Amino acid sequence: MDPTLTDVVPDGRDVVTGADPKPPTIGIDHVTKAFKDFVAVDDAHFSIAQGEFFSMLGPSGCGKTTTLRMIAGFETPTTGSIRLDGKDVSRTPPHKRNVNTVFQHYALFPHMTVWDNVAFGPRSKKWAKAEIARKVDDVIGVVRMEEFAGRKPAQLSGGQQQRVALARALVNEPTALLLDEPLGALDLKLRQVMQFELKRIQREIGITFVYVTHDQEEALTMSDRIAVMNEGRVEQIGTPTEIYDSPVTVFVAGFIGQANLWPADVGSLNAGEAIATVMGSQVTAACRSTEVGVGAAVMMVRPERLSLSVQRPEGVSVVEGTVTDLTFQGPVVRVSLAGAGDVPVVAHLGPDAELPALRPGDRVWASWAPDAACVLPPAEIPVADDTSVEET
């Protein structure tokens, strides 16, 4: 029987998503969205807890923005339902839903000051003047824009304009704030600063944030949980640590961060551990997917979990390779190897790595601890990540 959005397991956690036992603010109940013959979202089913920073992450066209637009009310599900605080709002127009959306383009009123931009919503709702003043001052303080309250948008930097857009949305006291690639227009340094600012603001305000991004660093930095989407499907939902260390599909492993993905042949499975052959070597790895069986599979090891040595180490899983390239990348040195059958192996060595100077052509052993590797269901191994910023 398919679990509902309110089913829980014995420890009180949501059986669908693993969320803490808070009442869900948002429920996506078996939602499919089709545009004629194109399925943009395919049977999405998960809940988002009260006060959670939840990110939807994936490449261009994966369906994350379409899902956000259905939560906001700008799109209607073809099948399934959208719930806010337990109420089905699938056919409720956007202005009658207690959510606000912040887009990449902030659309601030250029003729209004920061203070008046933030006060626009409460004034439209005809709040009492004293209440408007108190609430606007409070929210402007949260986003740290007090000294700029009298300025107009043209006098602000991109990051300051984004804070005003956030304040304008937050002042209306929404149940959830929806953010669609809000940092995309900022330069790299400012995006990194604003990642921490967004998380700080979310914690201080305490409302649910639903964040759409194609940027893995943003999602890993800010999120309580992440839904990784691909071709309209939710491939995995989990904490940043779970998504990074324990992916359940080859797509998730390859999309999040950098990963060694190697063809493997599983010989045996026992209590969550697999014995497999990789590049001619018998190795051990964790197996967390019920879709892995004896036979063809894919093994994942993150580059920073690999150690290199010129002598074969004992008591660990190893493969042998030939150095093909070394690249200095600041905190790490990226070492590229060619394993048996020219299978690529990448290791990231930190400043503490004890290894003689390597040169292309040197033979070395790459080793890892048993918990550093995991076996995934067989799938095509991706050659490169999709880093496009366009969205369907």
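Helix α1, which runs over residues 64–72, is mostly covered, since 8 of its 9 residues are buried. Here, buried means under 20% relative accessible area, exposed means over 50%, and partly exposed is the range in between, with a 1.4 Å probe and protein chains only. Helices (H or I, at least four residues) and strands (E, at least two) are DSSP runs numbered from the N terminus. The model is a predicted one, in which local features need pLDDT of at least 70 and side-chain atom pairs count only at pLDDT 80 or more, while totals for chains, interfaces and linings use all residues. Residues are numbered from 1 along each chain as its sequence is written, and side-chain values use heavy atoms, with hydrogens and water left out.

**Helix α1 and what follows**

The buried residues of α1 are Lys-64, Thr-65, Thr-66, Thr-67, Leu-68, Met-70, Ile-71 and Ala-72. After α1 comes Gly-73, which has a positive phi, near 100°. Arg-69 forms a salt bridge with Glu-75, and the closest N and O atoms of this pair are 3.5 Å apart; a salt bridge is a side-chain nitrogen of Lys or Arg within 4 Å of a carboxyl oxygen of Asp or Glu. Glu-75 counts as buried because its relative accessibility is 18%, whereas Arg-69, at 31%, counts as partly exposed.

**A network of charged side chains**

| Salt bridge | Distance |
|---|---|
| Arg-69 and Glu-75 | 3.5 Å |
| Glu-197 and Arg-200 | 2.9 Å |
| Arg-200 and Glu-204 | 2.9 Å |

Glu-197 and Arg-200 lie 3 residues apart in helix α5 (residues 188–205), so they are separated by about one helical turn. Arg-200 and Glu-204 are both in α5 as well, 4 residues apart, which is again about one turn of the helix. Salt bridges that share partners join Arg-144, Arg-163, Glu-197, Arg-200 and Glu-204 into one network. An α-helix has 3.6 residues a turn, so residues three or four places apart point the same way.

How covered are these side chains? Glu-197 is buried, with a relative accessible area of 11%, and Arg-200 is buried at 15%, whereas Glu-204 is partly exposed, with a value of 47%.

Arg-163, another member of the network, is placed in helix α4, residues 158–170. Arg-163 counts as buried because its relative accessible area is 16%. Leaving aside its neighbours within four places in sequence, Arg-163 is in contact (heavy atoms within 4.5 Å) with Val-143, Arg-144, Met-145, Met-194 and Glu-197.

**The chain as a whole**

The secondary structure of the protein chain comes to 8 helices and 20 strands, and the C-alpha trace spans about 75 × 50 × 40 Å along its principal axes. Of the 392 residues in the chain, 50% are buried. Among the contacts with a separation of 6 or more, 68% are between residues 24 or more positions apart. The chain carries 36 positive and 50 negative side chains, and the centres of the two sets lie 10 Å apart; Lys and Arg count as positive and Asp and Glu as negative, while His and the chain ends are not counted, and the place of a charge is taken as NZ of Lys, CZ of Arg, CG of Asp or CD of Glu.
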